[in-house]
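Here is a friendly walk through one protein model, from its overall build to one pair of packed helices. Keep the 3D view open as you read.

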Amino acid sequence: MSIVGVLVGTLFFAVSLSPSLLPRPFVVQGILSGASFAVGYALGVAGLATWNFLGLPVAAGRSRRVLVLGAGALCAVVALAFLWQASNWQNSLRALMGMDQDWGLEPTVVGPVALLVFLVLLALARLFRRLSRFLSTRLKAYVPRRVSYMVAVVASVVVFWSLIDGVLVGAVLRTADRSFQQLDALIEADLPLPSRPEQTGSAASLVDWSTLGRQGRRFVAGGPDGAALSAFFAADLPAPIRVYVGLNSADSPEDRARLALEELIRAGGFERSVLVLATPTGTGWIDPAGQDPLEYLLRGDIATVAVQYSYLNSPLALLTKGAYGAETARVVFREIYGYWRELPPDSRPRLFLSGLSLGSLNSDLSFDLFDIIDDPFDGVLWVGPPFRNESWRRMVRERAPGSPAWLPVFRDGAVVRFTLGAGDEPQEAMADYAPWGDFRIVVLQYPSDPITFFEPSAAWRAPAWMKPPRGPGVTPDLRWFPVVTMLQLGADMMVGTAPPGFGHEYAPRDYLSAWRALIAPAGWTPAELERLERLFE
């Protein structure tokens with residue numbers, strides 16, 4: 001063991017315990033801290049190797065033993081002190097988000113898990129070194145020494161990558177694929193079968209109930225019906241139309257898109273005043289926190305259509321079927337928009353697109369401005385766009401000077417407006433916004449959403465959203481540290497927990513605010529809107 005590596009590793013370990021965007025479960029914190037320690041240890045060993053290569057002096061004999069003992073004692077004190085403080089940091093985040101405090105035995109969980117993770121990573125690193133040395137020794141008999149080193153390292157990388165990517169990752173993905181496929185096929189007994197003829201999956205529908213998938217059946221069976229809307233508004237109102245086509249409803253994306261159009265026509269979707277083309281997340285999920293308030297906001301005079309492209313969750317879908325989701329979104333948009341634009345402009349519904357998370361990314365990729373510029377649809381709502389969304393990244397990068405990255409102002413606001421939700425109406429966020437144009441984009445995002453604000457470059461520079469003033473929900477205790485901050489944001493993105501209104505959990509009242517900004521429905525008073533918000537609390 002290298003004492004220099006342990007010193008640097010302890011520093012990385014200590015910093016990894018500090019708060020980031022979201023509270024983390026203790027086991028996840030242990031994995032993160034162990035990985036951070038391993039990175040610091042590797043940097044310390046590499047630095048010492050460089051020092052020795054340059055022939056610089058090093059301590060020896062008694063001095064070295066004293067330094068080792070002192071450094072070991074310092075590492076132990078620092079590690080224990082930061083472990084003791086870790087619960088306070090995590091609970092400060094929970095308090096900021098209105099969550100219950102957790103005073104569990106965090107040091108007794110984080111410490112052992114971190115040590116185990118570090119030892120596993122250290123063993124893999126030493127196994128890599130042994131393999132490269134073994135290959136280099138064999139190659140020296142045939143090629144020059146430096147060439148043997150280079151070839152051995154490259155060959156070792158290939159071997160390790162093949163084992164990790166081809167064996168380990170492949171096995172995990174195959175297992176996940178089978179599990180999600182079985183979950184998608186599960187028909188829950190408590191879901192009511194569609195009874196109204198216009199409902200997808202009903203006896204009159206072109207789409208069989210069993211092919212909708214788990215999330216599709218939930219979408220079709222959920223939401224307000226005509227009775228609920230009529231009771232709330234004290235008026236006779238229609239039930240919203242929800243059309244959904246599952247992954248098993250047809251054989252190809254093109255067939256599913258055509259089926260969705262035919263089902264939408266059959267159900268009377270083009271006879272409503274507003275039509276929403278919703279792109280689901282990886283599992284096929286449409287967030288009811290966004291869909292239900294919209295249907296109340298429009299008093300049931302709305303049709304929504306969605307087509308499933310995967311049954312994996314969004315991270316796995318992005319890794320394995322990213323192109324497939326974008327392809328499905330494109331062909332669905334082409335079918336729906338192609339039919340819509342042929343209708344008389346004065347009698348067709350207003351057409352909007354929407355998407356949450358991976359759905360927003362695929363929604364962005366579904367259309368080309370050059371294809372719609374002569375007859376644009378009405379607008380788009382993107383919620384929690386992932387950091388890989390190129391349009392979002394461009395809008396943030398080209399924001400007006402002085403506007404923060406977590407609430408950017410893009411040009412004059414005539415086309416694109418960002419919002420944090422209720423309490424930050426985008427039309428009021430900037431006094432000199434230009435009036436809305438014919439085509440509009442609203443982006444709803446939380447400053448504490450790691451799926452939106454993760455960036456690999458956080459490994460070597462502080463993200464722009466960390467500069468003051470920070471957005472609501474972001475702790476002032478968050479500090480940038482090389483490599484570790486990127487690992488923290490990655491952990492937040494994968495397994496961070498948050499209540500509605502923070503992180504990637506978007507609250508109905510914030511959806512409601514964003515939809516109002518995008519659609520601008522008429523006939524609502526402030527008192528009525530407050531009553532509607534209370535309904536979804």
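Accessible areas come from the Shrake-Rupley method with a 1.4 Å probe, and for residues only the protein chains shown count as cover. On that basis the protein has an accessible surface of about 25,600 Å², with 63% of it belonging to carbon and sulfur atoms. The model is predicted, so local features need pLDDT of at least 70 and side-chain atom pairs count only at pLDDT 80 or more, while totals for chains, interfaces and linings use all residues. Residues are numbered from 1 along each chain as its sequence is written, and side-chain values use heavy atoms, leaving out hydrogens and water.

The protein holds 17 helices and seven strands, which are DSSP runs (helices H or I, at least four residues; strands E, at least two) numbered from the N terminus. Its C-alpha atoms fill a box of roughly 90 × 55 × 45 Å along the principal axes.

Now to the helix pair.

| Helix | Residues | Residues in the contact |
|---|---|---|
| Helix 1 | 3–16 | I3, V6, L7, T10, F13 and A14 |
| Helix 3 | 61–96 | V68, A71, G72, L74, C75, V78, A79, F82 and L83 |

Contact here means heavy atoms within 4.5 Å. By class, this contact of helix 1 with helix 3 has 13 nonpolar residues, two polar and no charged ones; Ala, Val, Leu, Ile, Met, Phe, Trp, Tyr, Cys and Pro count as nonpolar, Asp, Glu, Lys and Arg as charged, and the others, Gly among them, as polar.

Key:
Axes are lines fitted to C-alpha atoms, for helices over the stretch in contact, and angles run from 0 to 180 degrees between N-to-C directions.
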